Amino acid sequence: MSSASENVNAKKHVRVNSGRARVVRRSTQGPLDPDEAPLINDPLSPGTSAFHSPEQATSSRLLSPTALSASQSQFPIREGNNSPRPQMAPRLQSPQPSNLSSNLSSNPSFKTAHSTLSNRGSITSPAKDFGYLLRPEIYHPLTLLDVPPPFRVLSAQPDPSTLLNILISSGHFRSAAIKAGQILTSSSPPISASDHEQIFALFYTRLSCLTLCNQTALASQEVKALEDLNSSYYRDPETLTHLVPWELRVLAVRLQGMGFNDARRGVMGYYDLAREARLILTTLKKPLSHPTTSPSTETHSIASEIELWETRLHDLGIRVGSALIEMEDLEGATRHLKSLKPAPSQSKELEFQKALLWLYLGDVESAHRCIASTADTGSSDKVILALSHIADNDPESSVSVWESLISESTSAAETAMYRQNLAVCHLYLGKLSSAREALEELVNIGNSFHALTFNLSTIYELCTERSRSLKIGLAERVAEMSDSMKEGAEVGWEKVNGDFKL
């Protein structure tokens, strides 16, 4: 039984030959075989034979581009031809530099095609399209919800046909913002999408007026249309100068930081502008490194440009410190202000601004050093001294300083500011009646700046529980000043509810 099963298994594993005839493999030659001729138009293929070994291939690639005779060649010559062909190294023969002109004229393969790129002077770059800033959906409508009722009267509003510059000079910032938006989106006559000077000027007017009329939130949304101002699209392709005005770039940094809810974005934006200002200053100072015996007009213009950019650079440093204070990073603001160099002699107002930041941080000595570094230490030093007395909780000493400034002042605007600060000192001393009388007198003579109306509204809240009627009456008195203020008596006529604490 076992032998029968073994025979069956043996038969199962036997290979049965098929009836098809076996195909004999043919010997073929391809383009890579040694006896095949190289491609005619292949510049990298060898002359008539292939390499037999890696060593031979290496030696062949190191040969100079000259023809080799049959005796000099280390490769076998194809025997199918009657006359042996010389072997060529796999390199293209190039013309000699000295015979370049003759080769260009004799050999047509070395001639270059005619191109118009050589005449760069006749080529004008296409005008850039800034039409995306002319879309009506960018600009938000301004409502009257934040305007006090006395200022909503139609008779108190300026004429719609009033020019934009007149609206700005008369203090109608809300109307100026509306006017700028209407001009940007108007179709009769439309603004050319390539007129970047007019577009950016109107856009800056729109954003700055929105900021001045307490609509910073809308301005921070509309500024997003500019996107990345560091993009090369905003630069002139020939001179590489920035097409956006410097004032708009500085304002856009702060507004974009607020719009994207990222305060550090604003600080980084200021540093980007400072880096550009330093590069420009380095470029401007190079011609002055070799002074000439007789200064020319060009030298004076370069010196004025250097003065301008130094002022801008110092202004950016102060703005960074202010931004750090807004972020409540007081330690970082202190370190940053200490690293700033004194402002140029012609920019003493910048040192005054730095001194105010030091007072906010509580460093009175550093504030006095900022004022002492300027050439003129008259009224500015006394103002900082008076404010430092208030910061040290010594309003009595501050009163004497303010009274001295009032007696020495010759400017009506400065006198009004000194008298307002004197009234605040009286408020700190508990003299509410004298403080109220002083502020009301300032309003009666035609002053209505923000600090004055805000502090008087605060005194109304401290004097009575029915302060709302007094604050509305104050708003009505300020609104009645419209006729005199339209004639240019004061700037900043338009008010919002925050000015009267309504």
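Predicted model: local features only at pLDDT ≥ 70, side-chain atom pairs only at ≥ 80, totals over all residues.

Reply: Residues are numbered from 1 along each chain as its sequence is written, and side-chain values use heavy atoms, with hydrogens and water left out.

Me: Which residues of the largest nonpolar core touch the most other members?

Reply: A nonpolar core is a set of buried Ala, Val, Leu, Ile, Met, Phe, Trp, Tyr and Cys residues joined through side-chain atoms within 4.5 Å. Buried means under 20% relative accessible area (1.4 Å probe, protein chains only). Here the largest core has 34 residues, and Leu133, Leu184, Phe200, Phe203, Leu207 and Leu226 touch the most other members.

Me: Which elements give two or more residues to this core?

Reply: Helices are DSSP runs (H or I, at least four residues), numbered from the N terminus. The contributors are helix 4 (164–169), helix 5 (173–185), helix 6 (196–212), helix 7 (216–222) and helix 8 (246–259). Helix 6 gives the most, with seven residues. Apart from this core lies another, of 33 residues, including Leu316 and Ile384.

Me: How many residues of helix 8 are buried?

Reply: Eleven of its 14 residues are buried, among them Trp246, Arg249 and Gln256. The buried residues of helix 8 pack against helix 6, helix 7, helix 9 (263–285) and helix 10 (297–326), where contact means heavy atoms within 4.5 Å. Just after helix 8, Asn261 takes a positive phi of about 55°.

Definitions and conventions. Buried < 20%, exposed > 50% of the residue type's maximum accessible area, 1.4 Å probe, protein only.
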